[in-house]
Amino acid sequence: MNWYPIFLREMIQFKKKLFRLGYIFTSMMVPLLYLLAFGLGLGRSIQVPGGSYLGFLLPGLVAMSSMNNAYNWVASGLNLSRVYFKTFQVLIQSPIAPTSIMAGYVLAGMVRGLFASLMIILVGLGARAGFQLTPLFVFTLLLNCFLFANMGVLIGMITKTHEDTSTYANFFILPMVFFSGTFFPIDRMPAVLQAVVLCLPLTHTNILIRKTALDGQGITAILVMLGYALFFFVLGARKIKNYSE
Amino acid sequence: MIKLEHLTKDYGKIRAVDDLSFQIGRNEIFGLLGPNGAGKSTTIKILTTLVKPSGGRAALDGFDVVREPLEVKKRIGVVPQENNLDRELSAFDNLRIYGLLHHLPDLEQKIEEQLRSVDLWERRKDNIQTFSGGMQRRLLIARAALGGPRVLFLDEPTIGLDPQVRREIWNMIRRLRAQGGTVLLTTHYIEEAEALSDRVGILSRGKLIALDTPANLKKMVGEYVVEYLDGEGNQLTRMCAGREDAECFLREAGIEVRRRRSNLEDVFVKLTGERIEK
Ligand SMILES: Nc1ncnc2c1ncn2[C@@H]1O[C@H](COP(=O)(O)OP(=O)(O)OP(=O)(O)O)[C@@H](O)[C@H]1O
Ligand SMILES: [Mg+2]
């Protein structure tokens, strides 16, 4: 339960933001724009195996939004509290383990990621785009939030300024949005690029989140995602443990 | 209670703390003085697990600050020089999160007690952002004292506080000591160090250049001070061992002078060659 005060603090803040006018709207903006531009515009000319393009796109947008929001909330929140507000000092000086600090932030990031996804899921259900909430879908979503919240902790711990967090986002997060199978199946890409893209975590989220049943490829995807999550968790926790001003 | 052995901290080429060794006893109020950049805050940060030392060792209640940080953290309360309150939260929530992080029992009651003691209970629901500088400072002190820590670190605790509140903070510090606590404080207010400290250490460029009771330190540099103006109107001072010396100097100089008892500031100026009060 050591993670609880950290989680609680983030949630108090999140709740406050929620009530601020326009917050929900802004967080909906990006995925809705993609939905309109790609789903209705471009989408008509894209052929996807089995079913409509919208049915293909929606899970991809859920993966993308949950990634963005889980990552951003944690990376920028942690960076600000470390570099600017200095509130991170209070956590370091409290008798709690680095993994508890980690867990508090990760859980908060997951809530943020899930919240953003929920909006798109509601749109998807409303649009009747052949889109179903299966247990595997929910599991993938949770795992994806977990993964990128962990990445957020690591980046939040190593960035020196707040701008750096968006630099990392532009280098690692944004390319994944476009190449990891959010908007079109990755098998449309040249083989070399496919091999590269298969190393990216979001690719596996996109593979898994569109499956109706778990198969070999799905299990591989889970293992890759868990591997990344573990990697970020271990590095992030070590950064917190070795923290020194 | 606190033990430093050859403690050193380098920031690149800057040696912020240079081979510090001293001890602070249980139930002592220890004042750390020194000019800007002397290494006071860095020393406190090392002792409170925020900065890892480059060399030497430090222990609190027998627990090494690097190897057993969790045990150290259980025993300390910290008032940092720089405000690190959660500006997005209310005063109450700031203390609540802190109390939860420290597993404090009877938290609500403790929070009320502390907020009342710094006269912020009525403002408990307000956002920190709406607090004046002095109110934020008081809240920082209330937060540090919340769990009744065995060792309280205060880095310039009363900076920006009005005289009345400052006196109240002094009483809080004394109360904590009366309850068996140990206090390490830094300050630029000499009268604060004199009023509170059992012993005073003077830091200059990361090194400890004097350590004693305020009375002994004053004796060391001379108990009397002659202040006089030179031809251009600059104030000069002369330290004298006793009253006779001071009077002798007065007669010889044959100028308009003022004689007073020495204070810790004189100790400081003499030892560091720098003025302390900002
Ligand atoms: N994070 C840091 N990075 C680099 N140098 C630092 C850092 N923190 C402190 N220093 C340097 O270490 C030295 C000691 O700083 P410190 O803050 O401990 O002084 P101080 O005695 O608390 O001064 P003040 O009275 O101004 O608060 C200074 O030269 C400062 O520039
Ligand atoms: Mg300082």
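Two elements of chain B, strand E2 (14-24) and helix H1 (40-47), each contribute at least two residues to the shell around ligand 1, where helices (H or I, at least four residues) and strands (E, at least two) are DSSP runs numbered from the N terminus. This is a predicted model, in which local features need pLDDT of at least 70 and side-chain atom pairs count only at pLDDT 80 or more, while totals for chains, interfaces and linings use all residues. Residues are numbered from 1 along each chain as its sequence is written, and side-chain values use heavy atoms, with hydrogens and water left out.

H1(B) provides the largest share of that shell, 3 residues. Of the 14 residues around ligand 1 (a heavy atom within 4 Å), those that come nearest are B:Gly37, B:Lys40, B:Ser41, B:Thr42 and B:Gln81.

Among the polar contacts (pairs of N or O atoms within 3.5 Å), an oxygen atom of ligand 1 lies 2.9 Å from an N or O atom in the side chain of B:Asn36, and an oxygen atom of the ligand is 2.7 Å from an N or O atom in the side chain of B:Lys40.

The magnesium ion (ligand 2) is coordinated at 1.9 to 2.0 Å by B:Ser41 (OG) and B:Gln81 (OE1); donors are N, O and S atoms within 2.8 Å of the metal (3.2 Å for Na, K and Ca), and water is not among the atoms, so sites may look incomplete. Because B:Ser41 lies in helix H1 of chain B and B:Gln81 in the loop between strand E6 (76-79) and helix H3 (91-101) of chain B, the pair ties together parts that are 40 residues apart in sequence.

Definitions and conventions: Chains lettered and ligands numbered in written order. Polar contact = N/O pair within 3.5 Å; in protein donor to acceptor, adjacent residues only side chain to side chain.
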